Every structure is written in C-alpha cells, then in structure tokens.
Amino acid sequence: MAKSSAGRLELVDVSLRDGNQSLWGATGLRTAHIAQIAPVMNRVGFRALDFSSSTAMGVSVRTHRENPWDLLRLTRKAMPDTLLQFIGTGFRFISWEKAHPEVMELVYRCLVNAGMDRFVVLDPTHDMDAVRETARIIKAAGGTSGTEVIAALTYTVSAAHDDAFYAGIAARVAACGDIDRAYIKDPAGILTPERARTLIPAVLGSLHGKPLELHAHASLGLSPLTCLAAAELGVRVLQVGCGALGNGTSLPDAEKLVANLRASGHSVDVDDRLLAAVARYFDGVAAAEGLPAGQPREFDAAFMRHQVAGGVMTTLRRQLAELGVEHRFDEVMEEITVVRAELGYPIMVTPFPQMVIGQALANVLSGGARYDQVPDQVIRYVLGSFGKPTMPVDPDVLDRILSRPRARELADEPPPLSVAELRHRFGDRVGDEELLLRFGMPGAEVDAMLAAGPAVTHYNPDAQPLLRLLRELGQRPAVDQLTVDKPGFRLELKGRGAR
Amino acid sequence: MNGRHAGRGRGFQRVLVANRGEIAARVIRTCRRLGIETVLTVSDADAGSRPARLADKTIRIGPAPARASYLNVDAVAAAAVAAGADAIHPGYGFLSENARLARACAAAGVVFIGPDPRTLEATGDKLAAREHAAAAGLPVLPGGHVPPDASARELAGRIGFPVLVKAAGGGGGRGLRVVRDPADLAQAVAVASAEAAAAFGDPRVYLERYVTRGRHVEVQILGDGDRVIHLGDRDCSVQRRYQKLIEEAPAPLVGDAARLRAAAVALGRRLGYRGAGTVEFLVDSGRDAFYFLEVNARIQVEHPVTEKITGLDLVAEQIAIAEGRPLRLSQQDVTFSGHAIECRINAEDPGNGFLPSPGTVTNAVFPADVRVDTHVQAGSAVPPHYDSLLAKVIAHGDSRAAALAALRSALDRCEIDGVTTNLRMHRELLADPEFERGGVDTGYLERWITVGASHG
C-alpha cells in the first residue's frame, strides 16, 4: 500500500466521557441527558463511545445522586450496536488510593455485567507489566463475550519520550495476547502533524497489524490537522467530540473532521443526518444548562510547558474560584511547570495532574516555604505506589518529602483491603456494585444516592427555558399576571385574582 | 469481537407510518427518539392533523373514506416506495394485519414492521388460529367450523346453547352473533356469514360455546422468530359491543396468570412469532378456566398499560425486531412494577346510544402528571370517517388502588370541548364500587349502562 493512501475511517465519539470531562468538569451530563440521546448515537455509526470512567461514576453519585451502574445498563440497552468504553488505570476505582487486585477484578466483572465491552488500560508511567496484568484481568472478566482491550500510549514531550520509546511500548502491545489494539493518547493536545509523521509510522511498524487509534485533544488547535495527517499515515480510527462537546479542550469536532477527511479523499461511513442531530442536541444541552460550548482554540506555546489537559484546567479554575483566588491562576500555572519538572516529568494524565496541581497549590497558597505541605498523593508517588517515575525525582525535593514523618507513616501503610475484608466491613447484604461504590467513596454519599431513587431518563433541551420559567412563576404566589409581547404576538395570562 | 461495529445493523433511517390518529403520533414519537425520519400517510381529511405536523414529511394517499386511503394496499405500498422508506409501521387497525400489504412490502424491498405474511394469515384466519392454539396445547372453547349449506344445529347441540357465531375472517364484533334459542340458529348463521362476507370478504363462520360470565384477559408477547417472551397480561373486560373502553395491567384477580402467560408463549413459539403480538383469552370466572380467543398480530391500542408496568417502549422493540435484531430481553429481564389503567376517551355520546360525535375540538386540556396518548388539541378536526378515539389517559401507581386514584384525579382535570365525549361516563365508571373491586366480566359495562339510565 502506498504511504499516503486514502482509506475508510471509523470514529470513536468521546462526547459523553472525555467531552463532558474536558469541557464541563465531568459534572455537566446527567443520566437524563445521556439516556435521551443514546438511541440516536447508537445509529450514527460510531465504532465505539468513550463512555465512562471511575471519575465519571463518582460524579454520578456525588453530584447528581444517580446510580452510575444503572446509567451503564440503560445506555447499553439503548445502544446495542456500539462498543461502550470504560477507561481506567487498572489500580484504582473512584478513590485515589490504590485498590487490592481482587477489588479491581470485581470492578471489571461488574463493568462487563453492566454492559461495558471496551476497556482502555492507561498506565500513567507506561508500566507495561501492570498493563498486561490489567488486560488479563479484563479479558477474564469479559469471558467469551469478546471484550475489547485497548492500550494507551500516552504522548508527552520530554527527553525520555521519543519515537523509539513509543515503538518499544507498541512492540510490547503487539506481543500481548490480551491487548487487541492501541491508541495514541494526547491529553494535552500537543502532538503536532510534523511529529505525527515520524511517531505514527514508528508505532504502526511495531504493532504488527494491531489497529491504532488517535485520541488527540484540540486544546491547542493542532489536532484537527494531526488527525488528517494520521489518516494519511494509515490510522483508521479517529476519536472525536460532537457539537458543543467537541473542540476547545475536548477532541476535534466530528462534523468538521468528517468533512475534512472526505475532502482529503477518505470515506467515513457515518449517517450525516444523525451525526448532526447528535451535535445539535449537545448544543441544545449546553444552551439550556448554561454550559460552555467547545470552540476552536488558538496555538499557545506556554501550554507546551505545563501540559495540563482540558478537564484538569477547567477543574483548577473552578477550585481557585471557590477559594476566591482566581487572580493567582497564572502563578499556579507557572508553579505547575516547576513542580512537574521536579517530580520527574510525570505524564500529565490522571491521576498525575491532580497530584502535580495539588502540590503546586500547596506551594503557592500555603504561605510557607515550598514543600512545607505535601499532599499524601505526592508522597505515595515518590514512594513508588503508582509505579516507577519515568525520570528520577529531583534529589532535593525527594529528600524534603521523604524526611517527613508522614512519609514513614505512608510507607508503613497497611495493604489495601481485599474483597472479603470489604464485605466484612460493609456487611453481606450489600451487593457487589454498591460494595464498590462504598469502597470508593464516603458512605454518606452512597446513602444519599440510594435515598434519591431512580434517575430521570428523559430530557428535552428546548423545553428547559419554559420549564424554568414555569418553576419560577410557581414559586412566586404574588405573580398574577404574565404578558409576553413581541412583534406580531401578544400573550396575556391573568390569575383569578387579577382584573 | 462481539460484532458491535459501524455499518452493521445501524437500522432504519426512514419509516413510513401508515396510520392516523393517536397511534400515528405515538409511533412518530418513538421514531423521533430513535433518530428515525418519519413519513406519514394522510387522507385528504387528515392533511392538517397533528400527526401530520409531527411527521418529518407526509404523503397524501387518497380521499377521506378509509377504503380509498388507509385501507388501500396499493396506495400505501406505493407511498412507501415513493418516500424511500426502509420500513412501514402499520399501527393498529386498517392494514396492520394485512398479509397482502406485508407481501407487497417485501416485494418492494420495504420491511413490514410486524409478523411475516404467513403468521398474519395464520392469525387472521380465526379458525386456523384456533387450530394452532389447540395444537400448542391451549384450551379452546368447544366449537367448530360451520361448512357452507350444512346444518349448524348438530354442532350447536354438541356445544350446548347459548352459542356464539363468529366470523373466521376477522374480529372487532362484526359477523358476531349470540344464539340462545336453537330456533334462531340458522338465521343467525346466515346473517353473520353475510356480515362477515361484507366486512372481511370471507363468509366463513364458526361456532363456539358462549361463556356468559367471562373476562377478557390478554397476554402481550414479543418474538424474534426464534425466541418468544411475554410482557405480562392485561384485562380488557370493560367493553361495549366488543369495543374496549378501560384496560389495565396486570389483570386483577386472575387465579393462574402464570399458566395464561405460559400458554401465550407456547402459541407464540408454535407460530415462530416475530414482532409484538397479543394472545387473547376468555377467562371463565365461574369455572376458574381459560380459553384461547384469538391472536392480534400488531401493536394493541392498550399497549401503554404494559409499557407503564414494564418500563419498555413496545414500538421501539417492534422496530428493533424488524431491523433483524434478536430479542434484546430475556424473560428474566422483564420485571413488573405497580399497576396501570387506561381509559379510552372517545368522541361519542353515551347519552345517545354512543352515537359518534364528529366535529372540531375547540378546547383540549390534559393533565401533565399522567401519560396521555392523543392526536387532538384545540382546533383538531374529528372526521366522521374513522373511529372515534380521541385520547388514551393512562395512570400508573404502586398498587391498583393508587393507579385508580391517579386516574380519577387525572380525568377530573381533563377538558375536551367542541365534540361530545364519554369523559363523564369514565369518571362515573371509575367511581363504581364494582369496578373498584376489580375483576369485572365482559357483561359488566352493558349492565352498568342499563341499570343507571341516568349515566349518560
């Protein structure tokens, strides 16, 4: 095959998971929003949806008081033809603490039972032994149902992460029978078309026929072009976002990318009418709920240094606003760059951005010296709880952290609880799904979710303004007259008391 | 891999809705939810109807009389082709169980959303359906075919009077006669046969024992041609001249609902049933026995009560099956929650012999806290050419009492002006202690009407 061949492209839509996380802080979409559009998304022709994560499941409980397992099940029912993806590290569930391997086995079994059939294994340090073990657990959980496992090659720019590094990871993916395919994951949106032209052939060459997908955030405006380059280089699956949940710090806009791919001679087998319907639906949700719609972004060289992904950035802004120190955003960003270097350039992918930002916030906002306060996450990281850092931690910083009494406490931390221990703790009457939620988060949150009852499963964005108006009017007993006056139209409602 | 891939089974993109009224609006609603375009066939009388505005497109198929439009197989099949539809949803009534339409669709490469033509023929012929039911082990009422020119008297004698004379070619009360006196038999057979010939083009009639205190209980089934499951039962005993007025799910006070449901599934299996269907039974309250009545090979008017207690969308399931998918549910997946009751609000005058009341609706208000399936709003025309159903009001509750309370409250808040309706009669019926107890038989409504002449 010629190198610059045109081909048939497939799409993986990330709107419901990464789109929601990158643009709406993971809290924008509720069960109703998803349940309403799922049957339509099933018919667009997406190869898969990036659908859930343990973070998303935690948000369901905490923010929406909705059962995330129910959401998985009802979406599977509404989407019989589309692979539904769960993304995870393989070592934690909702909580940031490392989970017992038995607990992770139970997590994956429950996810498969609830209908998830595509799993991203994302190890932030590219620890391939850990990845292979997680892939094995997932395949075992999937049984004969044909669960797809896809390994993440997380892209970053550093001295260690050259094309040969990624080709080496790809070769190990190729050699692992439990991994079906790989994707290049560019959470910060820093993969340029130029670098793609060397990186993608290197990775494809080592995958030995296993398919490669590209997941490149649009944060710097690069990825719409990088995707076109990838298609030309033989990548056959591209990840996108729809309407308001595309672009910005999410992934490239699906409609525009399809048009661009076709203009480049590729074919994309999706139903354009339904793709547009999905995009307009998310536009409608954004408008009705007051959520920001993803916009095309401009290139920003500073971004290349801190490499903070979209969703994390949104969350950070919200946190600073809540603390009333939004004005110190630039200062915190600068500190993030420094901390990241000191901690050995962890790839800025969950859970490391949260860790780096936590340390940067402590350094900037504590008022004392840098590293006077150190979050447990950082201590665990330098202790090696999340795998071996890709590059060594700055020796001075390492000393300062390890000399803390808390470091010794954490080093002597008891191992995580096994499933049997969890059952003992939470009681035998608790089912597996609830057990895992109680493992991952405070019991009061789970209790509040259960008390809230089943989630609403229908939503009409167009009706929201009217519903809001009616709710407001209903709360004001004093309103007895309503007039809507516009050119050619006059509506007047009078209460019984009005004359 | 499990075969979930782009390009496979993406399903219908455009469906022709070959019906009118509330069921047209109902089918369009599900299609819209699924992202399927709808093209609605309309007669000249319905071009301005609410379903016509809800559909993405409309195609006029003929003048107002149903025979010239909604019952015209060639016009409907041609509309499907002209619309570029992948499939036809025929709703209920009209051509919904018409094997000739199903065959015409197949020939034109359009999917008929319903059972295959052979099943439609087997269920459309009431005698054939009766034989299938007997072969599947279902109890059938003593009875049999009355051959042309043969004396029915011997057969009736064996069955025992009173007997029911029924048309083989169709239902809905046409070609149906109760005979109590053997002297009236020959005349009744002749009249029923003539009526059946006129209504269904098939003069064949058969006799069955007439059960005086029977209840009408039916079981909803779903099949994919391979597997068949049931979605529980419904009671439709509140009827007048075989027209149902109130339906509920589950059927209250049925001794052995499990056997009824199993019987329906057994018949579905024998037929290799594909799609949504209903197996109707006569439950003899006196003898604690049940008998097969017939199969309705389509969506039923009263399907919403089943949807309310199962949480399923039956039209979506019909579409999924028609798209060639295996059943998405196993029997274990079907769970039942609470109780649902439906009232059919008709444009008819209970105070004047239930005379249809066509006209123009000037005001229509329905409560928002119950399900209302309707095609009317202020300004809607109610043409004289079609059945008089205006709206179905469906209430759901944790218990039958709760559903009944919710329905009463809902009906109190319904307003329909411009045409005469049976709304008031429904309010009074729901207040009747006998109905409130549950488990009334099919003679209940006529008795209730006779006793309370003031009800109208």
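The following legends describe close-up views of a predicted model. Local features require pLDDT of at least 70 and side-chain atom pairs pLDDT 80 or more, whereas totals for chains, interfaces and linings use all residues. Residues are numbered from 1 along each chain as its sequence is written, and chains are lettered from A in the order in which they are written.

**View 1. Crossing of helices α15 and α16 in chain A.** The axes (lines fitted to C-alpha atoms over the stretch in contact, with angles from 0 to 180 degrees between N-to-C directions) of α15(A), residues 352-365, and α16(A), residues 376-383, come within 8 Å and cross at roughly 120°. A:Q354, A:M355, A:G358 and A:Q359 of α15(A) meet A:Q377, A:V378 and A:Y381 of α16(A), contact being C-beta atoms, placed from the backbone, within 7 Å.

**View 2. Buried residues of α16(A).** A:V378, A:I379, A:R380, A:Y381 and A:V382 are buried (20 or more other C-beta atoms within 10 Å of the residue's own, these atoms being placed from the backbone). The buried residues of α16(A) pack against α15, α17 (395-402) and α18 (405-411) of chain A. After α16(A) comes A:G384, with a positive phi near 90°.

**View 3. Domains 1 and 3 of chain B.** The centres of domain 1 and domain 3 of chain B, taken over C-alpha atoms, are 23 Å apart. Contacts link 24 residues of domain 1 with 23 residues of domain 3. On the side of domain 1 that touches domain 3, α1(B) gives the most, with eight residues.

Conventions
Helix = DSSP H or I, 4+ residues; strand = E, 2+ residues; numbered from the N terminus. Contact = placed C-beta atoms within 7 Å. Buried ≥ 20, exposed ≤ 12 C-beta atoms within 10 Å, placed from the backbone. Domains from an automatic or database assignment.
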